[in-house]
Amino acid sequence: MPEESSVSQSPSVNQTGRPGSGIDTSVAHNARIWDYWLGGKDNYVIDREVGKRIREMVPHIDAVARADRAFLARAGRFLTGEAGIRQFLDIGTGLPTANNTHEVAQSVAPESRIVYVDNDPLVLVHARALLSSAPEGATDYIEADVRDPDAILTRAAATLDFDRPIAIMLLGVLNFVQDTEQVQAIVDRLLDAVPAGSYLALTHPTIELGGEGNIEAMAYYNQHATPKICARSGEEIARLVRRLDLVEPGLVSCAVWRADADGALPAQVPQYGVVGRKP
């Protein structure tokens with residue numbers, strides 16, 4: 001079963017939103033659909049309707065959501081433990097659930113500093129759940145769009161030291177930028193801003209790896225939800241991270257990336273995962 005959200009949910013938020021919050025409860029939104037697939041409660045009727053229909057088209061969609069979340073935990077432990085990273089820039093945070101980036105990182109190194117970035121008003125409502133830092137470290141939340149990396153970098157500098165290595169987390173967010181050239185420019189701008197020894201962790205849906213059903217599902221999603229989504233091939237994703245030295249096992253399904261450390265190797269899902277180091 002999907003893991004339950006760690007965020008308590010009041011009926012007023014779950015059904016109607018909050019006045020002046022900017023939350024449109026009449027249109028399904030990816031962050032809330034994702035929360036529904038993870039078994040959370042921070043979603044509305046419209047999100048559940050769209051989420052159920054997509055599940056009919058892609059029966060393993062819940063497994064994709066769980067695999068992406070598990071990748072975050074494994075990548076976070078690697079980055080904090082083996083790689084020694086103490087600063088994280090998590091762009092496209094999504095709704096808080098179990099194993100948020102600061103929880104993973106600070107469980108290994110309490111002094112870790114994390115900046116979260118998202119542009120969904122509902123994530124802002126729950127940002128307090130992302131700011132419960134260990135006293136030795138720090139967390140911050142920035143309301144901003146991945147399409148504006150300069151604004152993100154400027155504001156993140158209040159918490160992160162850009163003269164020291166930083167792990168950039170882009171999990172399931174670049175698929176909301178349709179133009180691949182723009183995506184490449186975003187990744188390059190972020191990498192330009194961090195020093196050698198920094199890392200980038202990325203996940204992205206694909207129609208490869210058994211993801212042929214994503215074609216129909218994404219077409220339906222784009223007609224009934226926001227923001228619009230797209231898939232990319234392994235070749236396209238490899239180009240995005242061409243400047244990096246990839247951590248073994250390289251670009252693979254996020255479900256199997258270093259999953260042997262957690263026990264038996266699980267079935268792959270149509271969502272790529274990769275971690276790379278800036279030389």
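Modeller: A charge sits over a ring if NZ of Lys or CZ of Arg is within 6 Å of the ring centre and within 35 degrees of the ring normal. The model discussed here is a predicted one.

Colleague: Which residue lies over the face of Trp257?

Modeller: Here too the ring centre is the reference point, and the distance from it is 5.6 Å. The residue that takes this position over the face of Trp257 is Arg258.

Colleague: Is Arg258 buried, partly exposed or exposed?

Modeller: Arg258 belongs to the loop between strand 9 and strand 10, and its phi is positive, near 50 degrees, although the residue is not a glycine. Buried residues have under 20% relative accessible area and exposed ones over 50%. Because the relative accessible area of Arg258 is 24%, the residue counts as partly exposed.

Colleague: What kind of aromatic pair do the rings of Phe78 and Tyr199 form?

Modeller: The structure holds 4 aromatic pairs. For Phe78 and Tyr199 the ring centres are 6.0 Å apart and the planes stand at 80 degrees. Planes over 60 degrees apart meet the cut-off for the edge-to-face class, so this pair is edge-to-face.

Colleague: How many residues apart are Phe78 and Tyr199?

Modeller: Phe78 is in helix 4, which covers residues 61–80, while Tyr199 is in strand 6, which covers residues 199–205. Phe78 counts as buried at 9% relative accessibility, and Tyr199 counts as buried at 9% as well. The pair links distant parts of the chain, with a separation of 121 residues.

Colleague: Which parts of the chain does the pair of Phe78 and Trp257 tie together, and how many residues apart in sequence are they?

Modeller: Phe78 and Trp257 make an edge-to-face pair, with 6.2 Å from centre to centre and 80 degrees between the planes, and both residues are buried. Because Phe78 lies in helix 4 and Trp257 in the loop between strand 9 (252–253) and strand 10 (271–277), the pair ties together parts whose separation in sequence is 179 residues.

Colleague: Which residues are the closest to the centre of the largest pocket?

Modeller: The largest pocket holds about 840 Å³ of space, and helix 2 (30–37), helix 4, strand 2 (87–91), strand 3 (113–118) and helix 9 (214–224) each give two or more residues to its lining. Of the 46 lining residues, the closest to the centre are Asn30, Gly172, Val173, Asn175 and Phe176.

Colleague: How many residues of the lining of the largest pocket are nonpolar?

Modeller: The lining of the largest pocket includes 8 charged residues and 12 polar ones. The nonpolar residues in this lining number 26.

Colleague: How far from Cys230 is the nearest cysteine sulfur?

Modeller: The structure holds 0 disulfides. Cys230 counts as buried because its relative accessibility is 12%, and Cys254 is buried with a relative accessible area of 0%. A disulfide would need the two sulfur atoms within 2.5 Å, whereas the sulfur of Cys254, the nearest to Cys230, is at a distance of 16 Å.

Colleague: Which residue does a cis peptide bond join to Glu248?

Modeller: The omega of this bond is about 15 degrees.

Colleague: Where does Pro227 lie?

Modeller: The peptide bond that leads from Thr226 to Pro227 is cis, and its omega is near -10 degrees. Pro227 itself lies in the loop between strand 7 (225–226) and helix 10 (234–240).

How values were computed: Residues are numbered from 1 along each chain as its sequence is written. This is a predicted model: local features need pLDDT of at least 70, side-chain atom pairs count only at pLDDT 80 or more; totals for chains, interfaces and linings use all residues. Side-chain values use heavy atoms; hydrogens and water are left out. Rings of Phe, Tyr and Trp (its six-membered ring) pair if their centres lie within 6.5 Å; planes under 30 degrees apart count as stacked, over 60 as edge-to-face and the rest as tilted. Helices (H or I, at least four residues) and strands (E, at least two) are DSSP runs, numbered from the N terminus. Buried means under 20% relative accessible area, exposed over 50%, partly exposed in between (1.4 Å probe, protein chains only). On a 1 Å grid over the protein atoms alone, a cavity is a set of points where a 1.4 Å probe fits but cannot get out, and a pocket is an open set with protein on both sides within 12 Å along at least five of seven lines; lining residues have an atom within 4 Å of a point. Grid points are joined across faces, edges and corners, and a volume is the space filled by probe spheres set on the points. Ala, Val, Leu, Ile, Met, Phe, Trp, Tyr, Cys and Pro count as nonpolar, Asp, Glu, Lys and Arg as charged, and the others, Gly among them, as polar.
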